[in-house]
Amino acid sequence: MRQLLTALLRFLLRHALQFALFIVILLAGRLLLAEWRAYSAASEAVTALRLAASGADHHGAGLADAATSRVNALQTISQTAITARLAQVQAQLRQLRAQQQPSLFTLPLPDTSTLAMHAREEATRRVEIEVLAQEEHYLTALQAALNGEDARHTLARLHAEHVDAYAALQNNVRQRRELEAQHPVAARLPGSDAHAQLSQLEAQGQRLRDINLQVYKAWTAQRARTNDAARPAPFAIDDSALAGALAPVQAAITAGEAQLASNWIARWRGPVMDVVPTAALLVLSAILLPLAIKAFFYFVLAPLASRLKPLSIGHALNVTATTLPLPPDGQSRISAVSQALQLGPGQQMLIHPAYLQSSPVSSTKRTQWLLDWRFPFTSLAAGMVALTRLHSDAPASVTISASDDPLLEIAIVHLPAGSALVFQPRGLVGLICDSGQQLAISSHWRLGSLHAWLTLQLRFIVFRGPVTLIVRGCRGVRMERAGQGRSISQSATLGFSTDVLYSTLRSETFIPYLRGQQALLNDRFDGDNGVYLYEETPRHGKQPGKVGSWFEGFTDALLKVFGI
């Protein structure tokens, strides 16, 4: 019953969490979709308004030029033609103003299709109305200029009326002052004759001031019209007024930009678009730079290295190495799943514990922490640590096998006295040597060789006989004679005798190297008596797709520099 309840609770909890997750995803998707639709609509609306404003500006400029040429040409023709054009302009203005509706620019932005359809039409109508209004105003002034003679007579008449009204007002003021001077007290006493006369004069003076002011205003207005009519300037469009006709368009653009600025997609779009060219350049560089480097290595450095003198470790050591024994009957395979070795009295075996399959009970076993204390880093990097040191007072048979990896095979390489072998310790699992004999191991740097730099193997580890090396290799180990020249993959090479001439050879095809399917260089061995060892299926450094493979490649390259 308890298990049933537990399973039921887990089922309910799991699906409840799924239900909550689906709600969050749907809400987030809805918000994101709404933001994107708002951004798209506002962006399209602002674009439509800008196109409308731009088109209206161009249209207004064309109308202004046409109106300027047309109106200035009217100054040299008859008053009848001017009157006819003025009537035509006024009729056009009435027609355009009758078409005006509530502005799309002062209302909330409609949908994009409606805005795009009517924005250009309304903006164009606004500039047309402004140009025609300015033309109407100028034609009115021009018509007044042609009627200038009547205007000047009217101005003289109004001036005379103003002079008469002002004289009558001054006479009224003088009469009031005389009355007040003659009757200073009675003029201020209500009911007296002097007070009644003064009241009449004050009422008359108020009427005269009103008449004088009206006549003065009429004279001033007529003087302005007469002066303007007498000196009409050439017609020119007021650009500021024409721009003001599109002020609602600009206000709508500003409102749309403010709406865009409040959208988080628009806020991120600008910075992202700013760095997109740089990011694209970086991606392009990341794609092309490795190609260029690989092409330079393949077509320039590798051919140059193949023409250089090969390395000769034996010549550098100034020794003539003894030829290593090859497998019988021309066979090159020297490995097997397991190997049985005879350990004689006075000999000791250093073996990795994982490869020691069986040994006599009578043999003595001890732990040796490093293969050689003179090369601690090499021993640690090659995994030759915590070794089992085994020796026996009587002949003993020891079986060696890679019990933890079915793909590994074990090979035995005998180095007689006087022989030497350049060997990579990564393939070493043990050795047999005389008890009390110090291992003859030496390292040699080749910093001045282009072969070494291109293969990143700057250091070579040399084992000297007499010693028996216990070697491992994936799917088997082979030993072959170099002869007149042999080439193998670098990742497969385990070692070669010191009388071999070592060099590098460029891989035959470029595309496999470019795709990472083949190394740039293969190892080449020359020498009639020289031999080399290699494993049949190298796995070293080939772990693509696994987490940390880049770190593995880096450590493999570092170990290769040190010849490990």
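**Entry 1. Ser335**

Which backbone nitrogen does the side chain of Ser335 reach at 2.8 Å? I found that of Val477. The model I consulted is predicted, with local features requiring pLDDT of at least 70, side-chain atom pairs counted only at pLDDT 80 or more, and totals for chains, interfaces and linings using all residues. Residues are numbered from 1 along each chain as its sequence is written, and side-chain values use heavy atoms, with hydrogens and water left out.

I placed Ser335 in strand β2 (residues 335-336); helices (H or I, at least four residues) and strands (E, at least two) are DSSP runs, numbered from the N terminus. The side chain of Ser335 also makes a polar contact with the side chain of Glu409, at 2.8 Å. A polar contact is a pair of N or O atoms within 3.5 Å; within protein, one must be able to donate a hydrogen and the other to accept it, and residues adjacent in sequence count only if both atoms are side-chain atoms. I noted 10% relative accessibility for Ser335, so this residue counts as buried (buried is under 20% relative accessible area, exposed over 50%, partly exposed in between; 1.4 Å probe, protein chains only).

**Entry 2. Salt bridges**

I next looked up the salt bridges (a side-chain nitrogen of Lys or Arg within 4 Å of a carboxyl oxygen of Asp or Glu), and the count is eight. Arg333 pairs with Glu409, their closest N and O atoms being 2.6 Å apart. This pair links distant parts of the chain, 76 residues apart: Arg333 is in the loop between α9 (313-317) and β2, and Glu409 is in strand β9 (residues 408-415). Arg333 is partly exposed at 33%, whereas Glu409 is buried at 12%.

Glu536 forms a salt bridge with Arg478 at 2.8 Å between the closest N and O atoms. Because Glu536 lies in the loop between β18 (521-535) and α13 and Arg478 in strand β15 (residues 477-489), the pair ties together parts that are 58 residues apart in sequence. I recorded Arg333, Glu409, Arg478 and Glu536 as linked in a network of salt bridges.

**Entry 3. Nonpolar core**

I then examined the largest nonpolar core, which has 34 residues; such a core is a set of buried Ala, Val, Leu, Ile, Met, Phe, Trp, Tyr and Cys residues joined through side-chain atoms within 4.5 Å. Leu139, Phe235, Ile237, Leu246, Val249 and Ile253 touch the most other members. Its largest share, eleven residues, comes from α1.

**Entry 4. Confidence**

I checked pLDDT, the predictor's confidence in each residue from 0 to 100: the mean for the protein is 78.
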